[in-house]
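Dear colleague,

Please find below the structure I promised to hand over, together with its sequence. My notes on what was found in it follow directly after.

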Amino acid sequence: MFNQTSHLSLKQKRRWSYLVIHIFMFFSGVEYSLIFPSLWEYLQHLGVPEDNPVWLGATLSAMTFTDILSGLAIGTVLDSSHNNRHLALLLNCPQILGSILYLCSISPLMLLISRLISGLGKGTTIVFLSDICRSTNN
């Protein structure tokens, strides 16, 4: 089923790649728009007092922190290997696991860990951007 793209021209493959990348980026933005407004109430539901906003800052920045660190490693791997498809699929696993842990969190610490794990999967953006850079000649 997945090998049916071999009959597509390079231009058609590039367009399909761009479509997948745009859909991924859209859902990534939707994730932020759902988590940012509801995270503080979720943390309070898990027992964080209202006068302790440190948990909010740490939990919000946890995904970005691991995204930065994993981005360096992913960029190094992409420079040595040009296997974008497998790397993108591999990086979706921590993102899915982090989302499941986020839904099932029973403590603020578990919520923080779920955001850290999700940040590992955000490196998929780097894979997609490198694919765009490689497919253009400007």
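In this predicted model, helices α2 and α5 pack at an angle of about 40 degrees, with their axes 10 Å apart. The crossing of α2 past α5 is right-handed. On the α2 side, the contact is made by Gly-71, Ile-74, Leu-78 and Asp-79, and on the α5 side by Ile-126, Val-127, Ser-130 and Arg-134. By class, the residues of this contact comprise four nonpolar, two polar and two charged.

One residue of this contact deserves a separate note. Ser-130 lies in helix α5, which spans residues 124–135. Its relative accessibility is 15%, and because the cut-off for a buried residue is under 20%, Ser-130 counts as buried. The side chain of Ser-130 reaches the backbone oxygen of Val-127 at 2.8 Å. When residues up to four places away in sequence are not counted, Ser-130 touches Leu-78 and Asn-84.

Helix α2 covers residues 54–80 and helix α3 covers residues 84–103; their axes come within 11 Å and cross at roughly 155 degrees. Since angles over 145 degrees count as roughly antiparallel, α2 and α3 are therefore roughly antiparallel to each other. Their crossing is right-handed. Sorted by class, the contact of α2 with α3 has five nonpolar residues, one polar residue and no charged residues.

With a relative accessible area of 11%, Thr-66 is buried. Leaving aside its neighbours within four places in sequence, Thr-66 is in contact with Arg-115, Leu-116, Gly-119 and Leu-120.

In brief, α2 has a right-handed crossing with α5 and likewise with α3, while Ser-130 and Thr-66 are both buried.

With kind regards

Notes: Residues numbered from 1 in each chain as written. Predicted model: local features only at pLDDT ≥ 70, side-chain atom pairs only at ≥ 80, totals over all residues. Heavy atoms only, no water. Axes fitted to C-alpha atoms, helices over the stretch in contact; angles between N-to-C directions. Helix = DSSP H or I, 4+ residues; strand = E, 2+ residues; numbered from the N terminus. Parallel < 35°, antiparallel > 145°, perpendicular 65-115°, else oblique. Left-handed = near helix turned anticlockwise from the far one by under 90°. Nonpolar A, V, L, I, M, F, W, Y, C, P; charged D, E, K, R; others polar. Buried < 20%, exposed > 50% of the residue type's maximum accessible area, 1.4 Å probe, protein only. Polar contact = N/O pair within 3.5 Å; in protein donor to acceptor, adjacent residues only side chain to side chain. Contact = heavy atoms within 4.5 Å.
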